[in-house]
Amino acid sequence: MNTLLKCTNSSVIQAAQALLSGDLVAFPTETVYGLGVDALNENAVSRLYSVKNRPKNHPLIVHISSINSLDKWARDIPEFAIQLAENFWPGPMTLVLPRTNLAKNFITGSQDCVGVRVPDQEFTISLLREFESLGGFGVAAPSANRFGKLSPTSASDVVEELGEYLADEDLILDGGICRVGLESTIIDCRQDIPRILRPGAITENMIKEVICGQLASDEVTDNIRVSGLLNAHYSPKAKVFLTGIPTEGEGFIASKGIKTPQGAIRLATPDNNIQFAQLLYSSLRLADKMNLKKVFVVPPTGDGLSAAINDRLTKAAAG
Ligand code: TXA
Ligand code: MG
C-alpha cells in the first residue's frame with residue numbers, strides 16, 4: 001500500500017528524497033493533482049507511463065520551483081515568454097519552448113520542445129525547492145489520473161485513480177482541494193507569436209494584456225502533441241450531454257439560478273465560473289460514484305474562464 005501523507009514541512013522533505021530515489025510522488029497543485037517523478041530518471045519515467053497507462057509519445061510537463069530554473073530546460077526563450085513567466089508564475093500556466101539537452105526524448109515524447117511550469121502551491125514549491133537543493137533539476141508530472149480520465153482535484157481522487165497501480169514506496173501528498181480545478185493553460189512559445197494549446201485559468205485576455213501583442217488564434221497546424229487535444233478526454237463513465245433535459249434519476253450540473261428539472265439529481269450548483277471550474281471534475285466523479293448513466297450540463301457563459309470549462313466539457317461529452 002502506497003503512503004498518503006498530509007503536506008507538512010517534513011513530509012515535503014521525505015517526498016523530495018523519494019523523488020530522487022526514483023519513486024513516484026503525487027502532489028497537489030493549484031490546478032489539479034500531479035503524479036511526479038525525477039525528470040532525469042528514465043526508469044522512473046517509464047514506470048510513471050505505465051501507472052498512468054499513457055502512450056509514450058505524450059510529453060510530460062516539467063515542474064520547477066521558480067523562473068530561475070527555466071533556462072536549464074528551455075533555450076531561445078522569446079521575450080514574450082519571459083514576460084508571461086514573470087507575470088503568471090507561480091501559476092496555472094505551462095510554456096512550451098525549444099528544449100535544452102536536459103529535456104530528453106523520454107519526457108518530451110521525442111519532440112524538440114519542452115513544457116515547463118511553476119505551480120502555485122505552497123508545499124509543492126517547497127517540495128520542488130528541496131528537490132533542487134538535493135541536486136534534482138525538475139519534476140516531470142502529468143495529472144495524476146489514468147490516461148483519458150478526469151484529473152484528480154483531491155488526494156482521495158488520486159487514491160481512487162491510481163492507488164492500486166502505485167508501489168509501496170510511492171507517496172501521495174494531501175494538500176486539500178485544488179483551488180483552480182482545471183489543468184493549466186498551455187502556451188506554445190516556439191514561434192514569433194504565442195498560441196494557446198490548451199485553455200485554462202490564465203485566459204486569452206490576461207495573456208494579451210501582458211504581451212501587448214498578437215496571439216495566434218488559428219487551429220494548430222503542425223503535429224505538436226498535446227494530449228488534451230484529443231477529441232475525447234477528461235471523461236467520466238457517465239455519458240455527458242451539453243444539451244437536452246435530464247429525466248428522473250439523471251445527473252444535472254448548472255449554475256446557481258438554473259432550476260433542477262423534475263426528478264433530476266443535482267450534482268453541483270456553482271455560483272460563478274471560478275466555482276464551476278473548481279467543482280466540475282469532482283461533480284462528474286460523484287456521478288460515477290452514484291452510478292449515474294447520464295449527466296446533463298448547462299455550459300457556463302461569460303468571462304474568460306468559461307472557455308476552459310467549455311473546452312473540458314466538450315471533450316468529456318465526446319468521450
Ligand atoms: O495543470 C497542469 O498542467 C497539470 C498539473 C499537474 O501541473 N498537469 C497536466 O499534465 O495537466 P498532463 O500531462 O495531464 O497534461 C499536460 C499537457 C499534455 O497535453 C501534453 O501533451 C502537453 O501538456 N505537453 C507537455 N509537454 C509538451 C511539449 N513538449 N509539447 C507539447 N505539449 C506538451
Ligand atoms: Mg492529464
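Glutamate 30 sits in the loop that links β2 (25–27) and β3 (34–38), in a predicted model. Strands here are DSSP runs of E with at least two residues, and helices are runs of H or I with at least four, numbered from the N terminus.

Although it lies in a loop, glutamate 30 is buried, at a relative accessible area of 2% (buried means under 20%, with a 1.4 Å probe and protein chains only). Its side chain comes to 3.0 Å from the backbone nitrogen of aspartate 120. Beyond its neighbours within four places in sequence, the contacts of glutamate 30 include Gly91, Pro92, Arg117, Cys178 and Gly181 (contact means heavy atoms within 4.5 Å).

Now for the chain as a whole, with some values to keep at hand:

| Feature of the chain | Value |
|---|---|
| Helices | 10 helices |
| Strands | 14 strands |
| Box filled by the C-alpha atoms, along the principal axes | roughly 60 × 50 × 30 Å |
| Share of the 319 residues that are buried | 56% |

Of the contacts with a separation of 6 or more, 67% join residues 24 or more positions apart.

Residues are numbered from 1 along each chain as its sequence is written, while chains are lettered from A and ligands numbered from 1 in the order written. Local features need pLDDT of at least 70, side-chain atom pairs count only at pLDDT 80 or more, and totals for chains, interfaces and linings use all residues, while side-chain values use heavy atoms, leaving out hydrogens and water.

Terms used
Buried means under 20% relative accessible area, exposed over 50%, partly exposed in between (1.4 Å probe, protein chains only). A polar contact is a pair of N or O atoms within 3.5 Å; within protein, one must be able to donate a hydrogen and the other to accept it, and residues adjacent in sequence count only if both atoms are side-chain atoms.
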